[in-house]
Amino acid sequence: MRAGDRLVMDAVRRSGPWPAVLAVTAIAGAVAELALPYAVGRTVDGFVSARPETVSWLAACAVIVAAIMLCESAGVWARGASSAYAAARLRLSVLRHILGVGPAVTRRFPEGELVTRAGLNAEEAGRAPESLTGALALLVPTLGALVALTLIDPVLTATLVAGIALILLVLRAFLRATTTIAGGYQEVQGEIAARLVDALGGARTIAAAGTADRETRRVLAPMDRLRAHGMELWRANATAGVQAGLIVPLVEVAVLAVGGLRLAAGELTIGELYAAARYAVLGAALSTALGHIGGLARARAAAERVAEILGLPTTRYGSRCLPLHVTSHRPPPVHSLPDTPSRTSGPPAGLGSVEFRGVTMPGLAVEELVIPGGSVTAVVGRSGSGKSLLAALAARLADPAGGTVLLDGVPLPALDRAELRRAIGYAFERPVLVGDTVGAAIGLGADDQEVVSAAATAACADGFIRRLPGGYATPMADTPLSGGERQRIGLARAFAQGERLLVLDDATSSLDTVTERQVGNALTADPRGRTRLIVAHRLTTASRADRVVWLEDGRVLGHAPHHELWANPHYRAVFQEPLGSQPPEGPGPEGRSEGRHEGRHEEPERLAGSRGLRGDVS
């Protein structure tokens, strides 16, 4: 069974009581429809023969019609509730799974594609219980019609069976064709959504470049393929409808013809012939399942796309906790460098030590690296050297293909989820602020306002937050933020969360020089003694750190204090300004740079390639 079909069956099983309600109303309505021809036939025979029970049969017909109407009304209500319940549950599962997979999911699917699959496709897959129940419910009158015709005359049953077999062949071919076509249609929808999200993210760049018309054409370029798939769906529906439309009257005429011959032979009454004609209509009504089969085909195709997301492996967590004390630790290994003196000792090891052992993955290979607890470590290197990847591994935003990353001697995958996230705070270059208010965005739901305020103060964000209309209670939607203010709130969030390790991935790039120095001083003099791992581009950041991890092409070229690495001209070249500027002069007292330039190696803007311009940030 395909993954999409398994998801469809799972949606039916876990849709609460609504599939059962649908089944009950469908079966009850089918039974009533089966009973109606018999009651009408007895009523007709009663009128012909002037029998006294004719009035009772007429009343029974009225009751059966009322029951059919009641079942139809209840079925419509149950179908809507079933679809809403199943879609909501599936969307929740997809959202939880996306968050469980983590950043790796966006490397597999573009953002717009994820939105389409978690939204539109999950809704279409949620209609599976309605479609499947409706299609199966039509089997009840068909089977009942076969039984009733057998009781009237087995010859009529054989005639109806031949017609039903033809109808089933039409439905089977229609299901297969529509599932394939619907999958292509949904794929193009996702492609258009992905292009649109990319264009919206880069709206300011597009406006500045004057390329709005070109971007519009790029976003809508797949529309021709979408139209082609839509036409194929229409043709498939029309073809199946014509085929079924030809089969159904032929079946009815065949049953009537055989029944007429049996009536002429005296083996059927007029009422029985009427009932047989009605049962032939009910039996051939299986052809009306085209609508349900079409819905089921779209649900199967959508479920296949949703199942691709649910098939991605989620991050696994263990059950271990971090030690309360660290008594010893191996000294950090020294990577030899040409013309670079080695360092034999570093800050005393404490809580928050990070160790990389034989870590390998695309773009990074670290044989052995120890970041002592309580230290400030800067990670420097050219663009593409693996700085952000090293930071992501340290915070377990990614797992290595080989090797192990440990925090205070415990492998990160062995830690409990809550323990891991409580121990590590992470600040991004472009933070996404989650929370109803500014305070909630910093504390991520924590109620300790003192911690939130202290974190904001350390990030130099307390002043502008208090000037907002509602202070820390100001809704995020009503808080216009510059790039630097957004980064400061992101820094405050990291300060409030990490108990042992702070990881800053270029998290001060949008700050002015004065604010960046103030934040740097707060990091250097952290009263909680946490380990600080900083992806750095500015020379001052590297000079203030206890040690520097120097990366090049995904490998560690050096791990030593900045003033020791500075003796290497290749290390100095990392901080040189472009266009042939002279390298800054050597560091002055206390490791601070006194050169003429404070060079910063800029990460290039990531373009979307064939997907168009990527978003600019405030």
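**Cavities, a pocket and charge pairs in a predicted model**

Glutamate 552 comes out as partly exposed, because its relative accessible area is 22%. That value belongs to a predicted model, as do the others reported here. Glutamate 552 sits in strand β9, which covers residues 547–552.

Rolling a probe the size of a water molecule over the atoms shows where empty space is left. Searching the whole structure turns up three cavities of 30 Å³ or more. The largest cavity has a volume of about 80 Å³, and its lining is made up of Val376, Thr508, Glu516, Gly520, Leu523, Thr524, Ile534, Thr541 and Arg544. Two elements, α20 (513–524) and α21 (539–544), each give two or more residues to this lining. Of the contributors, α20 gives the most, with four residues. Sorted by class, the lining of the largest cavity holds three nonpolar, four polar and two charged residues.

The second largest cavity has a volume of about 70 Å³. It is lined by 13 residues, and the closest to its centre are Asp506, Thr508, Val535, His537 and Thr541. Its lining splits into five nonpolar, four polar and four charged residues. Thr508 and Thr541 turn up in this lining and also in that of the largest cavity.

As for open spaces, the second largest pocket has a volume of about 410 Å³. A set of 20 residues lines this pocket, with Ala26, Glu33, Glu72, Ala137 and Leu138 nearest its centre. Elements giving two or more residues to the lining are α2 (18–49), α3 (54–101) and α6. Helix α2 gives the most, with six residues. By class, the pocket lining has 10 nonpolar, six polar and four charged residues.

Helix α6, residues 128–137, also holds leucine 136. This leucine belongs to a nonpolar surface patch of about 270 Å², made together with Leu139 and Leu143. Leucine 136 counts as partly exposed because its relative accessible area is 48%.

Now for the charge pairs. Side chains of opposite charge can pair when their charged atoms come close. With a cut-off of 4 Å between side-chain nitrogen and carboxyl oxygen, the count comes to 19 salt bridges. In one of them, arginine 117 meets glutamate 113 at 2.8 Å, N to O. The two are four residues apart in helix α5 (residues 111–125), so about one helical turn separates them. Both arginine 117 and glutamate 113 are buried.

Glutamate 191 is partly exposed, at 23% relative accessibility, whereas arginine 195 counts as buried, at 18%.

Aspartate 399 and arginine 396 also form a salt bridge, with 2.9 Å between the closest N and O atoms. Here aspartate 399 is partly exposed, with a relative accessible area of 35%, while arginine 396 is buried, with a value of 5%. Finally, salt bridges link Arg2, Asp5, Arg300 and Glu304 into a network.

Methods. Residues are numbered from 1 along each chain as its sequence is written. Side-chain values use heavy atoms; hydrogens and water are left out. Patches are made of residues with over 30% relative accessible area and no salt bridge: like charges are joined within 9 Å, nonpolar side chains (Val, Leu, Ile, Met, Phe, Trp, Tyr) within 5 Å. Accessible areas come from the Shrake-Rupley method with a 1.4 Å probe; for residues, only the protein chains shown count as cover. Buried means under 20% relative accessible area, exposed over 50%, partly exposed in between (1.4 Å probe, protein chains only). On a 1 Å grid over the protein atoms alone, a cavity is a set of points where a 1.4 Å probe fits but cannot get out, and a pocket is an open set with protein on both sides within 12 Å along at least five of seven lines; lining residues have an atom within 4 Å of a point. Grid points are joined across faces, edges and corners, and a volume is the space filled by probe spheres set on the points. Ala, Val, Leu, Ile, Met, Phe, Trp, Tyr, Cys and Pro count as nonpolar, Asp, Glu, Lys and Arg as charged, and the others, Gly among them, as polar.
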